[in-house]
Amino acid sequence: MKMTFLNKKDFWAGAMLIGFGAAAMFIARGYRFGSALRMGPGFFPTILGGILIAFGVCIMALGLRSGEKIQEKLSLRALVMLPLSLVLFGFLMEKAGFLPALAALVFGSAASGREFKFLEVLLLTAVLTVASAALFIWGLGLPYPLIKGF
Amino acid sequence: MELFHNLFFGFGVALTLQNLLYCFIGVFVGTLIGVLPGIGPMATIAMLLPLTYNVPPVAALIMLAGIYYGAQYGGSTTSILVNLPGETSSVVTCIDGYQMARQGRAGAALAIAAIGSFIAGTICTLIVAMFGPPLADMALKFGSPEYFSLMLMGLVAAAVLAQGDMIKSLAMVVLGLLLGVVGSDVDSGVKRFCFDIYELADGIGFVVIAVGVFAVGEIISNLSDPEERTIFTSRVGSLYPTLQDMKQSIAPIIRGTMLGAFFGVLPGTGPSIASFGSYMIEKKVAKDPSRFGHGAIEGVAGPEAANNADAQCKFIPMLTLGIPASGTMALMLGALMIHGITPGPTVMTQKPDLFWGLVASMWIGNLMLVVLNLPLVGLWVSLLKVPYRLLFPAIMVFSAIGIYSANNISFDVYLAALFGVFGIAWRILGCSPVPLLLGFVLGPMMEENLRRALQVSNGDPSVFVTQPISLAFIMVTVLILIVMVLPAVRNRRGDLTG
């Protein structure tokens, strides 16, 4: 019976909500609360944080009793690689220009899939990079340098 | 008649070469992406929003609306051909549509879906044109208390009536409202939840959340759980439904349209409720209900009409009140705001070209769908065969460029990556991100109206229940909560004991 809550969906959903709510209330302490007549910047977030905590507790309590387990599958590879390639894109857009950023993004996201064929991905990277440059830079006229810093 | 005068004016706007072109692009691209496996309408619109940045607002909205029904229609195409609903509302179409395809009548099923959608679209264009103006006139008289209560009602209804766990949906609305608070407070100028990051001073970008959660999150989810797809495309069959088909379908189409229009105006009742309802009705009134599930054409015609009617009537509360009744409408509202238009009843008086142009373009868009889809069925079928591993990097490209080009700052892209992770976490925890988006869009307006209402009433919160219109909204909200949420809580307890 002990520790069975650890894989329960509603326990974690509740915990997530309580976390957001508590963080909001904690940070909002630094903003003037004001009164109902003159709502300060802290008024709305503090109240929302409180409601969120209440919802979290309620979901947790109901969930501990009913106990639906987490069943969804999660590919760790996709979870790490996909956001990472986005971050890389953002970084390279500033430092290296449009083409390297896009190539990194396409290659990185293709690598987050299960079937990874190197040649195919290389080809896809080339095609998508050139096609996007054509569509966005020449077609829609976005003002980004293709390659920066040389 | 003022109605026809207005509609003529609308067609004048929608029929300009530029707007026709954007309508066409929208419908075409929408269907194209709607047909592609694993991309729902939310992700489609979120990902294509950036294409409209440099377009005038009217054309942008026309194009987005086109994408919306294009994607919806693309979903029905995949339901019929591969038994894979692109979204929940096409689940019903799968039942009989796929059976028809197996009997070699995919062409007739596709045609009747298109015709049903078109008839529903025509009727609903008139409904929007008729009910929009009086509703906006009424809303113009609303003060802050009425607005606050209206938004509260809209959000609660949307959260409670949507699919999934109601309590979690309500909680996600609140979380969305909270995310809407991030940025400089309009009243005091205090930077809230900015953590000294100057990029956050203007708040979290709408596109960042929409694309992060709905495009990136969806891809992670799809990669985690790849689905098997068997394509049944040996014979599409004749594209022309027989006279018999038409006769059988016309009554279901009309009934479906009425049902869809009714549910369409209600917030939160997604198109799936309308299409399921229509299927049930058709099965009830049929002389021989046993045909259903074995390729009954009424089972395609009714739900498809209901589906489209619902989608179109969702524009009524969005355009006249500024209240998004669904996730897609939240995206439309977001698009309006990106173009610097404050949503609400003033849109109709201050931007009549936007309102009437959009209404007229709905009809034109639906007509284009019929004309476009039937001859292009072959193209859609071949698109179905594109493997997902080639698709999702392309979606990532659109998403990333879209986010970056909104403000030209890399921080937005980092934030979207974070929201992609949040998106998948919420999915796993059974918390739908759609209510979050609704809350996020309405958050700042809600705070502003709450502040103003309390200022006018000298800080007395009873103002929300002493003003009659506001009281009515509050009563409806409470009623929805009592009727829908209490039994749900009780049911959960029931699961334990029983």
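This is a predicted model: local features need pLDDT of at least 70, side-chain atom pairs count only at pLDDT 80 or more; totals for chains, interfaces and linings use all residues.
Let us begin with the overall form of chain A. Its C-alpha trace spans about 55 × 50 × 25 Å along the principal axes. A compact globule of 150 residues would have a radius of gyration near 15 Å, whereas chain A has 23 Å. Of the 150 residues in chain A, 37% count as buried. What about contacts along the chain? Taking those in chain A between residues at least 6 apart in sequence, 62% join residues at least 24 apart.

Now look at helix α1 of chain A, which covers residues 9–28. From its first C-alpha to its last, this 20-residue helix reaches 29 Å, close to the 28 Å expected at 1.5 Å a residue. Which residues of α1(A) are buried? Among them are A:Phe11, A:Trp12, A:Met16, A:Leu17 and A:Phe20, and the list also includes A:Lys9 and A:Asp10.

Helix α3 of chain A, residues 76–95, also has 20 residues, and it reaches 28 Å, close to the 28 Å expected. Its buried residues include A:Ala78, A:Leu82, A:Ser85, A:Leu86, A:Phe89 and A:Met93. An α-helix has 3.6 residues a turn, so residues three or four places apart point the same way. And what do the buried residues of α3(A) pack against? They pack against α4 (98–110) of chain A, together with α9, α17 and α18 of chain B. After α3(A) comes A:Gly97, whose phi is positive, near 105 degrees.

That brings us to the meeting of the two chains. The contact takes 59 residues from chain A and 59 residues from chain B. On the side of chain B that touches chain A, the elements giving two or more residues are α8, α9, α17, α18, α19 and α21 of chain B. Which of them gives the largest share? That is α17(B), with eleven residues. Sorted by class, this side of chain B has 38 nonpolar, ten polar and eleven charged residues.

Key: Residues are numbered from 1 along each chain as its sequence is written. Chains are lettered from A and ligands numbered from 1 in the order in which they are written. Helices (H or I, at least four residues) and strands (E, at least two) are DSSP runs, numbered from the N terminus. The expected span of a helix is 1.5 Å times one less than its number of residues. A residue is buried if 20 or more other C-beta atoms lie within 10 Å of its own, exposed if 12 or fewer, and partly exposed in between; C-beta atoms are placed from the backbone. Two residues are in contact if their C-beta atoms, placed from the backbone, lie within 7 Å. Ala, Val, Leu, Ile, Met, Phe, Trp, Tyr, Cys and Pro count as nonpolar, Asp, Glu, Lys and Arg as charged, and the others, Gly among them, as polar. The radius of gyration is taken over C-alpha atoms; the globule rule is 2.2 Å times the number of residues to the power 0.38.
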